[in-house]
Amino acid sequence: MANVTYKNQPAIDKTNGSVPLAGTSHLYTVKKRLWGDSIEEVLQGLFIGQTLHVCCGKSMLGDVRLDADIENEPDIVCDAANMIEHVKSNGFETVLCDPPYNGKFQWNHDLLTELSRVASKRIIFQHWFIPATPKGLYKKAQEKFAISDVYVWQPKTYFGRVQVVTVFDAI
Ligand SMILES: C[S@@+](CC[C@H](N)C(=O)[O-])C[C@H]1O[C@@H](n2cnc3c(N)ncnc32)[C@H](O)[C@@H]1O
């Protein structure tokens, strides 16, 4: 009998722990903050200037918070892969993003492009992959951003995927 649940991530809980890769047809939501205090402290320490937190969930990090789920009470409610009407180009020095992991192929591409459009100095991106070329350049804006740091942390769930936080700085 299963004794591990992902009750704070209902879309994952529904599939008994498998990450739902069904695309963005259903909104991946969170019921509480997933990052612990120590992770938030590290992230906070990485911010330079005005910070936009994309896909913020219940986390209060950032000067401006953006999420598609109104339940998270973000400052901006919109699709992270299309922020054009809400966030101007180079509008924030730092952009932090921990996106849903069920994004469709094209959505992931569009999200990464949008992050590099709205950030002027730094992108902090958490996922299970690193969106960089073998030379460490941000794939969607190779002239603009390069890796400056990579952090890895391990969730409490027994076989939980490690989380990779990559920091890209303007070249
Ligand atoms: C992995 S969670 C973020 C969790 C957060 N880092 C924490 O520690 O609590 C991803 C967030 O993306 C939001 N989201 C899902 N689809 C989105 C979309 N298309 N555009 C913007 N936000 C979206 C969800 O509502 C959720 O809050």
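Visitor: How much space lies in the second largest pocket, and what makes a set of points a pocket?

Guide: About 150 Å³ of space lies there. The grid has 1 Å spacing and covers the protein atoms alone. A pocket is an open set of points with protein on both sides within 12 Å along at least five of seven lines; a cavity is a set where a 1.4 Å probe fits but cannot get out. Points are joined across faces, edges and corners, and the volume is the space filled by probe spheres set on them. This is a predicted model: local features need pLDDT of at least 70, side-chain atom pairs count only at pLDDT 80 or more, and totals for chains, interfaces and linings use all residues. Residues are numbered from 1 along each chain as its sequence is written, and side-chain values use heavy atoms, with hydrogens and water left out.

Visitor: Which residues line the second largest pocket?

Guide: Phe105, Asn108, His109, Leu112, Phe129, Ile130, Pro131, Lys139 and Lys140 do. A lining residue has an atom within 4 Å of a point.

Visitor: How many residues of each class are in that lining?

Guide: There are 5 nonpolar, 2 polar and 2 charged residues. Ala, Val, Leu, Ile, Met, Phe, Trp, Tyr, Cys and Pro count as nonpolar; Asp, Glu, Lys and Arg count as charged; the others, Gly among them, count as polar.

Visitor: What surrounds the ligand?

Guide: A shell of 20 residues, with Leu34, Trp35, Asp67, Ala80 and Asp98 the closest. A residue counts as near if one of its heavy atoms lies within 4 Å. The shell divides into 13 nonpolar, 2 polar and 5 charged residues.

Visitor: What makes a pair of atoms a polar contact?

Guide: Two N or O atoms must lie within 3.5 Å. Within protein, one must be able to donate a hydrogen and the other to accept it, and residues adjacent in sequence count only if both atoms are side-chain atoms. A ligand nitrogen is 3.0 Å from an N or O atom in the side chain of Asp79. A nitrogen of the ligand is also 2.9 Å from a polar backbone atom of Ala80. For a polar backbone atom of Ala68, the distance to a ligand nitrogen is 3.2 Å. The protein covers 97% of the 610 Å² of accessible area that the ligand has on its own. Such areas come from the Shrake-Rupley method with a 1.4 Å probe; for residues, only the protein chains shown count as cover.

Visitor: How many helices and strands are there?

Guide: The protein has 3 helices and 7 strands. Both are DSSP runs numbered from the N terminus: helices are H or I with at least four residues, strands E with at least two.

Visitor: What about Glu73?

Guide: Glu73 is exposed, because its value is 66%. Glu73 lies in the loop between S2 and S3. Its phi is positive, about 50 degrees, although Glu73 is not a glycine. Most residues other than glycine have a negative phi.

Visitor: Why does Ser148 get its label?

Guide: Ser148 has 36% relative accessibility, so it counts as partly exposed. Ser148 belongs to strand S6 (residues 145–153).

Conventions:
Buried < 20%, exposed > 50% of the residue type's maximum accessible area, 1.4 Å probe, protein only.
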